[in-house]
Every structure is written in C-alpha cells, then in structure tokens.
Amino acid sequence: MSHLPAARTAEPPAQAPCPQAARSAAPPRPLRLWSAGDAARLGPPEVSILIVSYNTRALTLKALETLLAAGGDVLAEVIVYDNASQDGSAEAIRERFPQIQTVASPENLGFAKANNLASQLAHAEMLLLLNPDTETYANAVANLLAFARRNPQGGIYGGRTVFPDGSLNPGSCCNRISIHSQLCRALYLDKLFPGSGFFNAEAIGNWKRDSERRVDVVVGCFLMIPKALWDRLGGFDLKYFMYGEEADLCHRARALGYTPMVTPEATIMHLVGASTNVRAEKILLVGQARATLIREHWAPWSVPIGLFLLWLWSAVRFFFYRLQALVSGRPDHPGRLTWDRVWRERNHWLRGYEEIQD
C-alpha cells in the first residue's frame, strides 16, 4: 500500500518504448461486471478486483464509478472490503452499486488481512488490488491484464500512477531498500536530488514510468497477481498491518524466480494517503515496516548497518526540526512535535513488526 521497497536495487531493467499517443487515443470502455449469479451463463470472471476501504466514502464511490466506466472490456468481479468505516461507506456502496459484493468488517483489520480475506471470495484466476483513493483512466484494467498475459514471468504487475493534476506520481513502483539508498534517504539526498537515479535510487528518480520495465516492488495501490501465485505465497504477511506488505510480497515472489513488471499502458490517478491523515502515526508505521523488511530480507551481516541507518534517518530529522523550531521561535512547530515523538519511540519501531498469527 505504500512506497516501501525491500532490500536491494533492481537488476538491469528490461525496457521497451511505449506509444503514448496511440494509447491515449483509445476511447475508454466500461467493465463488464460479473457476479456469482452469472457463473452458469458466463463462466468465471477474468479478474477479481479487490478494494479495501476505510473512512473514504466519497473517494471509494468515485473510484468505483470510474472503474466501472473506464476499466476496459474485461469481465470483472469487484469486491469491496470495508474496514469498519465510521462514515457510512459500506451502506453507501451497497446502495449505489448493489451488483458489487461489499463486505462490512466489524473491525479494522488493516490492509493486509482485509485483502487476504477478500481474496478468499474471489472467483477469477487473476487478482487486482486497487486503492479506494484512485480513479481509473481509459482501459487501465484491460491493458494491465493484457500486459500480464504477455509476460507470465513477471508474476506481479503494476501500471503508471498520476496525481489529480495529471503530473507523474512515481509511487506506483520502486526499488528495494539498500545500504546506499537508506544512507541517501537518511541524509536528505533523495530529496535534494529527486530526479537522480543514484541519489534517489529507491524511487528510481531518473525514470518517468514511460516504458515497460522490471522493478523490485509493485506498490499495492494498483497491483495485479495470478491468484495461484498469491495463494502459493500465502497472500500478504499479516505482521505488516499497514505499509511494507507489498514489498515483502514482491521479495518472496522474486525468490521463486518471478520478476515484477510495470507498464505505462495502464494508468490510474492516485491521491496517496487518503486513509492515513496522522503524520506521526504514518511515519512510525513506515519506520516499523522498513525495520521489518531489513531484518527479514537483508543478509545477516548487513542488518545492523540497515538499522543504524534507520536510526540516523530519525536522528537527522529530530535535530533538524529542533533547530528549526529554535530559530523560528516556535517550540510547538508541527515538524518538531512529530519527530520528537518518532525519536522518543525509536526503540519500539526499530524492533519491527511482531509475528502475527492468522
């Protein structure tokens, strides 16, 4: 669900140019919506689309509206798993889209477990994870499915994401965490040189997502995977309550010989973070997820280095915002309050996520 790569940079990528002009000229086509009652007449769906929502009523309704209107000529099952929203999301979705299967959980299970449970309801051979804070552009689902079928060695597939103004949102995919990338992140070098493939290696800063390419991690906002592979991997690891789960999934798929891939032919708009609005809470979860990925997927000798660089990442920001608050005369500066908390709780989040049983 987040931009959280795992443990090393990608192998030299396979890239292919993509004809943007021809693709953008294709008119959007609606999805052909499948339900269990259609099984005898139509057979199974081609793809099961899983959407996990949490207090995003208006956004989820818009996501479903654009998905059905522009997803492409694909027979698709849509399953919405609502994580105990308090804004009437489940009721509104059922009223507006009665043909979509909506599950209302009595508790917030987190992104990983909710997707695992939703996948058990799926009837298609291909799954598509889609965030509720997205809007589907012309034929994105059909194009991603066609791309997956052409490249069975990929195993996990993603597309291109943009912001509401149409500018590139690079967060659809990334490289895994490395010692080099974590050092650049700790020292703000990735922010100072965002367009650099060297200093911003995790975000692959020198690539505009305008070509087909192998990547280390496909982010869970728009992620397609064969259900057989998903089941073989056991879905998401439940210790990742939020953030890092897709990086772990991609790492385990790569261990089986798959090479996750993305294509610019499948484009969506992604708002990013609509379900998480507490900055300190998000940073703590991200830090905890990254610590878990380092502990689980790095070579044993390198784990202490990775954890030290995570510590350095928080230390640099703690002292930076303390200095900024002092210079500005604002002891209540939001940045200082946020990073004071992150620093104060460092011994907790550096331990990573604890093992969780299903």
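**Terms and the values behind them**

Guide: Let us begin with helix H5 (residues 110-119), which is mostly covered, 8 of its 10 residues being buried. The model is a predicted one.

Visitor: Which residues of H5 are buried, and what covers them?

Guide: The buried residues are Gly110, Phe111, Ala112, Ala114, Asn115, Asn116, Ala118 and Ser119. Their cover includes strand S3 (47-53), strand S4 (75-82), strand S6 (126-130), H9 and H10.

Visitor: What makes H10 largely enclosed?

Guide: Of the 11 residues of H10, 9 are buried, so the helix is largely enclosed by the rest of the structure. The buried residues are Glu245, Glu246, Ala247, Asp248, Leu249, Cys250, His251, Ala253 and Arg254. They pack against H5, strand S12 (217-218), strand S13 (222-226), H9 and H11. Just after H10, Gly257 has a positive phi of about 105°.

Visitor: Why is Asp237 called buried?

Guide: The relative accessibility of Asp237 is 17%, and the term applies under 20%; Asp237 therefore counts as buried. Asp237 is placed in the loop between helix H9 (227-233) and helix H10 (245-255).

Visitor: How do you know that the side chains of Asp237 and Lys239 make a polar contact?

Guide: The two side chains make this contact at 2.8 Å, and the cut-off for the pair of N or O atoms is 3.5 Å. The value is within the limit, so the term applies.

Visitor: Why is Pro152 described as exposed?

Guide: Its relative accessible area is 57%, and exposed means over 50%; Pro152 therefore belongs to that class. Pro152 is found in the loop between helix H6 (140-150) and strand S8 (157-162).

Visitor: Which residues does Pro152 touch, leaving out those up to four places away in sequence?

Guide: Pro152 touches Tyr157 and Tyr258 on that count. Pro152 and Ile225, 73 residues apart in sequence, have C-alpha atoms 10.0 Å apart in space.

Visitor: How do you know that Cys174 is in no disulfide?

Guide: The count by the sulfur-distance rule comes to 0 disulfides. For Cys174, the nearest cysteine sulfur is that of Cys173, 6.9 Å away, whereas a disulfide requires sulfur atoms within 2.5 Å. Cys174 is also buried, because its relative accessibility is 0%.

Visitor: What makes the phi of Ala84 and that of Ile204 worth noting?

Guide: Most residues other than glycine have a negative phi. Ala84, which is not a glycine, has a positive phi of about 60°. Ile204 is likewise a residue other than glycine, and its phi is a positive value near 50°.

Visitor: Where do Ala84 and Ile204 lie, and are they buried or exposed?

Guide: Ala84 is in the loop between S4 and helix H4 (89-96), and its relative accessible area of 15% makes Ala84 buried. Ile204 lies in the loop between helix H8 (189-192) and strand S11 (211-214); with a relative accessible area of 3%, Ile204 is buried.

Visitor: What describes the packing of helix H11 with helix H13?

Guide: Two packed helices are described by the angle between their axes and the distance between the axes. For helix H11 (residues 279-297) and helix H13 (residues 334-344), the angle is about 35° and the axes are 9 Å apart. Their crossing is right-handed. The contact is made by Arg279, Ala280, Glu281, Ile283 and Leu284 of H11 and Thr338, Trp339, Arg341 and Val342 of H13. By class, these residues divide into 5 nonpolar, 1 polar and 3 charged.

Visitor: What values describe the packing of helix H12 with H13?

Guide: Helix H12 (residues 303-328) and H13 pack at an angle of about 145°, their axes lying 8 Å apart. The crossing of H12 and H13 is left-handed. Among the residues that meet are Trp311, Phe318 and Tyr321 in H12 and Gly335, Trp339 and Trp343 in H13. The contact of H12 with H13 has 9 nonpolar, 2 polar and 4 charged residues.

Definitions and conventions: Residues are numbered from 1 along each chain as its sequence is written. This is a predicted model: local features need pLDDT of at least 70, side-chain atom pairs count only at pLDDT 80 or more; totals for chains, interfaces and linings use all residues. Side-chain values use heavy atoms; hydrogens and water are left out. Helices (H or I, at least four residues) and strands (E, at least two) are DSSP runs, numbered from the N terminus. Buried means under 20% relative accessible area, exposed over 50%, partly exposed in between (1.4 Å probe, protein chains only). A polar contact is a pair of N or O atoms within 3.5 Å; within protein, one must be able to donate a hydrogen and the other to accept it, and residues adjacent in sequence count only if both atoms are side-chain atoms. Axes are lines fitted to C-alpha atoms, for helices over the stretch in contact, and angles run from 0 to 180 degrees between N-to-C directions. A crossing is left-handed if the near helix is turned anticlockwise from the far one by less than a right angle, and right-handed if clockwise. Contact means heavy atoms within 4.5 Å. Ala, Val, Leu, Ile, Met, Phe, Trp, Tyr, Cys and Pro count as nonpolar, Asp, Glu, Lys and Arg as charged, and the others, Gly among them, as polar.
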